[in-house]
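Subject: Structure handover

Hello,

Here is the structure I said I would pass on.

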Amino acid sequence: FMSDKNMLSIPYCQYSMEMRSGKIIEIDYGFTSLLGYTQDDVNNGLVFKQMVPDVEYKAIIDELREQFIENRYVCYQHEMLTKSGETLEVVSFIRIQNKLLDGHRVLKVSVANISDYMGQKC
């Protein structure tokens with residue numbers, strides 16, 4: 001098993017996005033340190049599609065649509081692109097919020113960067 005020290009060192013962030021458009025609404029400090037996108041990027045209309053490779057985007061959206069029929073949350077391993085163009089392997093925990101924002105459903109997403117752990121056995 002990985003030591004507790006390794007578990008605590010996995011880079012992590014949270015953000016909220018509008019479900020339909022993928023518009024990023026709210027980010028935490030970890031979002032900027034992990035992915036490089038800032039509050040200015042959010043204010044300028046950052047969307048989820050900009051943060052994932054094209055081939056991953058369709059697969060993720062199709063999977064979410066299917067999973068959300070029965071579940072309020074989904075756990076999904078996929079690639080994310082940093083602002084500088086680096087590709088990270090992440091696990092995203094995506095939950096539908098009960099509240100609506102301007103009539104749109106909101107997703108709360110927690111992301112763990114597992115790039116450094118790929119290929120390791122637990």
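**Overall size and fold**

A compact globule of 122 residues would have a radius of gyration near 14 Å, and the protein chain has 15 Å, which agrees. That radius is taken over C-alpha atoms, and the globule rule is 2.2 Å times the number of residues to the power 0.38.

The model is predicted, so local features need pLDDT of at least 70 and side-chain atom pairs count only at pLDDT 80 or more, while totals for chains, interfaces and linings use all residues. Residues are numbered from 1 along each chain as its sequence is written, and side-chain values use heavy atoms, with hydrogens and water left out.

Along its principal axes, the C-alpha trace spans about 45 × 35 × 25 Å. The protein chain contains 4 helices and 5 strands, in the order α-β-β-α-α-α-β-β-β along the sequence. These are DSSP runs, numbered from the N terminus: helices are H or I with at least four residues, strands E with at least two.

Of the 122 residues, 39% are buried (under 20% relative accessible area, with a 1.4 Å probe and protein chains only).

Leu81 lies in strand β3, which covers residues 73–81. Leaving aside neighbours within four places in sequence, Leu81 is in contact (heavy atoms within 4.5 Å) with residues including Leu35, Tyr37, Met51 and Thr87. Val91 is 10 residues from Leu81 along the chain, and their C-alpha atoms are separated by 13 Å.

Regards

Methods: Buried means under 20% relative accessible area, exposed over 50%, partly exposed in between (1.4 Å probe, protein chains only).
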